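Me: Hi! Could you walk me through this model?
Reply: Happy to, here it comes.

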Amino acid sequence: MKEDYMIINDIKKTFGKKEVLKGINLSIPRNSIYALLGHNGSGKTTLIRIILGLLNADSGNIDVFNTKTLNNSPDIGVVFDQPSLFDGLSAIDNLKFFSELNNIGKKERRILIEQELSSAGLWDRRNEKVKNWSTGMRQRLAIIRASLINHEILILDEPSSGLDPEVLTWLHNRMLEFKNRGGTIIFTTHNFDDVESVSDHVAILQDGIILWKGGTSELLTETQSKVYEIVIKEQNKISQVVSLLESILVNGVKIIPINNGVEITWEINKPEINAVIDIIRKNNIEIMEFKEKKKSLREVYLSFTRGER
Ligand SMILES: Nc1ncnc2c1ncn2[C@@H]1O[C@H](COP(=O)(O)OP(=O)(O)OP(=O)(O)O)[C@@H](O)[C@H]1O
């Protein structure tokens with residue numbers, strides 16, 4: 001149903017002669033975490049600006065849960081790449097000001113702010129002016145500010161940039177909590193860990209088009225192994241191993257000689273590994289190493305962006 005989705009319909013945008021978005025179509029389910037993944041300059045921030053109503057598209061339209069546009073909506077929290085905080089104020093005053101603006105009561109505000117700054121590891125620095133803070137600390141504060149109240153939608157442009165691994169866990173937990181409260185998050189990233197840890201859906205952007213979109217679990221299936229590597233002791237027996245394996249393996253399985261052994265690759269029918277090992281051993285060929293090679297999410301992403309699929 002339309003009210004369960006934010007529908008981004010054929011959005012196009014050109015700057016000068018450069019076509020930055022070439023017809024973007026996305027359906028973002030309510031109460032999901034949607035990752036926009038892409039190289040520098042692929043058009044992620046431009047799309048976010050259009051979603052937020054900060055920039056007009058040349059054509060196309062956006063329907064937010066069939067009820068509202070995002071322009072000036074109070075139901076939305078935003079963090080951009082360069083977080084805009086009040087530099088001359090302390091962390092605590094930044095959050096106080098923001099919560100006053102959003103009518104959070106004095107008592108609730110005090111508890112909430114202490115809780116949030118503590119969980120982000122910033123409580124000890126609460127009285128310092130934020131202008132002297134590191135990028136990662138400012139980023140954490142901006143994320144707290146944007147998600148302090150129960151917005152319906154949270155839009156984060158590169159939320160993990162400048163955060164070290166420990167703080168990344170805090171960010172991921174925070175995003176998941178927001179979703180568990182019923183919210184919807186759209187975020188851009190270069191970080192595969194973000195995609196794997198929190199997102200339900202992913203769109204891969206390149207040069208203003210979507211190369212791939214779908215469920216994160218579908219993308220992760222692509223990382224599963226489709227290669228065995230077998231290293232043998234005597235390299236003069238590699239061609240014998242190839243012939244032996246060809247005699248037992250089914251259609252669609254390829255056996256490729258490599259430096260010190262063979263690689264077995266398949267698309268659909270995974271070979272029975274015990275049979276593979278047995279036939280090699282029965283022919284008195286010593287196996288030094290056997291492994292199933294798993295692809296990283298990075299390799300899968302690069303195979304899309306390099307046009308290998
Ligand atoms: N206001 C503008 N005027 C002219 N060109 C622009 C403008 N905004 C963005 N661009 C261009 O549009 C392209 C896409 O930029 P965008 O910031 O959307 O990419 P991105 O995917 O967010 O990149 P990054 O990961 O580096 O943030 C780039 O080539 C950029 O130079």
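Me: Thanks! What stands opposite Glu263 in S12?
Reply: Glu229 does. Before we go on, this is a predicted model, so to speak with limits: local features need pLDDT of at least 70, side-chain atom pairs count only at pLDDT 80 or more, and totals for chains, interfaces and linings use all residues. Residues are numbered from 1 along each chain as its sequence is written, and side-chain values use heavy atoms, with hydrogens and water left out.

Me: How many bridges join strand S10 to S12?
Reply: Five, and the two strands run antiparallel. S10 covers residues 227–232. Strands here are DSSP runs of E with at least two residues, helices are H or I runs of at least four, and both are numbered from the N terminus. Two strands pair if DSSP finds at least two bridges between them.

Me: And which way does S11 run against S12, parallel or antiparallel?
Reply: Antiparallel, with six bridges between S11 (residues 253–258) and S12. Lys254 has Thr265 in S12 as its bridge partner, and a hairpin through two residues joins S11 to S12.

Me: Why is S12 called largely enclosed?
Reply: Because six of the six residues of S12 (residues 261–266) are buried. Buried means under 20% relative accessible area, exposed over 50%, and partly exposed in between, with a 1.4 Å probe and protein chains only.

Me: Back to Glu229. Which side chain does Glu229 meet in a salt bridge?
Reply: That of Lys291, at 3.7 Å, N to O. The pair links distant parts of the chain, 62 residues apart, with Glu229 in strand S10 and Lys291 in strand S13 (residues 287–293). A salt bridge here is a side-chain nitrogen of Lys or Arg within 4 Å of a carboxyl oxygen of Asp or Glu.

Me: Is Glu229 buried or exposed?
Reply: Glu229 counts as buried because its relative accessibility is 13%, while Lys291 is partly exposed at 33%. Both belong to a network of salt bridges that also links Glu263, Glu289 and Lys293.

Me: New topic: where is Ser199?
Reply: Ser199 sits in the loop between helix H6 (192–198) and strand S8 (201–206). Ser199 counts as buried, at 8% relative accessibility.

Me: What does the side chain of Ser199 make a polar contact with?
Reply: The side chain of Thr216, at 2.9 Å. A polar contact is a pair of N or O atoms within 3.5 Å; within protein, one must be able to donate a hydrogen and the other to accept it, and residues adjacent in sequence count only if both atoms are side-chain atoms.
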